[in-house]
Amino acid sequence: MKIYVTRMIPEPAIAMLKAQGYEVAVSGKDGVLSKEELIAELKKAPYDAVLSLLTDKIDADVFDAVPSAKIFANFAVGYNNIDTEAATARGVTITNTPEVLTNTVAEHAFALMMGIAHRVVEGDAYTRAGKFKSWEPMLLLGTDLSGKTLGILGAGRIGSRVAHHGARGFGMKVVYHDVKENPTLGAEYGARYAATPEEVLKEADFVSIHVPLLPATTHLINAERLKTMKKTAYLVNTSRGPVIDEAALVAALREGWIAGAALDVFEHEPDLAPGLKELPNVILTPHIASATLETRMEMANLAAKNIIEFLEGREAPNKIAI
Ligand code: GLV
């Protein structure tokens, strides 16, 4: 069996595939393969499986370049980079890497929330710049998370974990919206289900986004909705960039419609909307919410496991049901 891996991933996963006796080819490019490069690579051998990343756009042309590959294992929980309809039409199985990154992403959402509320990045820059002359009663005043209202958009695995940390760790009141109610959130954390995103945006002091990227969630946060938020509220996004209209967010941050934002994902990665990086009331991280050593190892291993199970004739454990 031959496996193609579109970029170097943690070594133990490659070792797992090799231990099965599979031949593993890893892209030698230090960067994302363009679609043309990926297609050229995939045409080099009759690969049986492809381990892809969220930065690879996998569509009909890519599937047709390697008709022998009946599984594409995505090294990510999100799979908006893959045309699942084109996969289904060709009988190609798609898998993702859920659960292993839930805690890590929820932690990063809190790193961002605490970072923006306690002005950690501004404080770091201030200190490094030699501006710290003495303790000051009014220096870099932030705001507490404790006792505030946490609004969650998307109450799946990660959103639920964020609700847990908010309620249990910081005594936050939790209000959430999803297409349907998640009764566990009410039962465990006293969270209130809101029938619309507007209700969450109106009430929350911190809004954390955990929806998948779908046509229905693209620009879920637009100018109109940003205007429904409290002027003192903060917006945190660790899901997918296009969920927020980034140009509208720049206007909101510049004109004080909201107090601040902390973003791990961007509408046109790796580019940033004009004006975003000049703003003091935003924290930017480079799509690293799942990037701990432990978690990236587990994600790689899970992607490899999905390939192995599938190629050995068993059900891939994280097959995406469309
Ligand atoms: C990362 O963004 C992922 O979807 O796993």
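## Strand 7 and its neighbours

How many bridges join strand 7 to strand 8? In this predicted model, 2 bridges join strand 7 to strand 8 (residues 192-193), and the two strands run parallel. Within this pairing, Val 175 lies opposite Arg 192 of strand 8.

Strand 7 also pairs with strand 6 (residues 149-153), again in the parallel sense, over 5 bridges. Here Lys 173 of strand 7 has Thr 149 opposite.

## Two crossovers

Strand 7 takes part in a right-handed β-α-β unit with strand 6 and helix 7 (residues 157-170). Another right-handed β-α-β unit is made of strand 7, helix 8 (residues 183-189) and strand 8.

Strands of a sheet pair through backbone hydrogen bonds, and the pairing may be parallel or antiparallel. An open sheet of 5 strands has the order 2-1-3-4-5, with parallel pairing. Its edge strands are strand 2 (23-26) and strand 5 (93-95), each of which pairs on one side only. From one strand to the next, the twist averages 15 degrees.

Inside this order, strand 1 (residues 2-5) and strand 3 (residues 49-52) run parallel and are joined by 3 bridges. Tyr 4 has Val 50 in strand 3 as its bridge partner. Helix 1 (residues 11-19) packs on the sheet and touches strand 1 and strand 2. The direction of helix 1 makes about 150 degrees with that of strand 2.

Technical notes. Residues numbered from 1 in each chain as written. Predicted model: local features only at pLDDT ≥ 70, side-chain atom pairs only at ≥ 80, totals over all residues. Heavy atoms only, no water. Pairing = 2+ DSSP bridges. Helix = DSSP H or I, 4+ residues; strand = E, 2+ residues; numbered from the N terminus. Right-handed = clockwise from strand over helix to strand, strands pointing away. Axes fitted to C-alpha atoms, helices over the stretch in contact; angles between N-to-C directions. Contact = heavy atoms within 4.5 Å.
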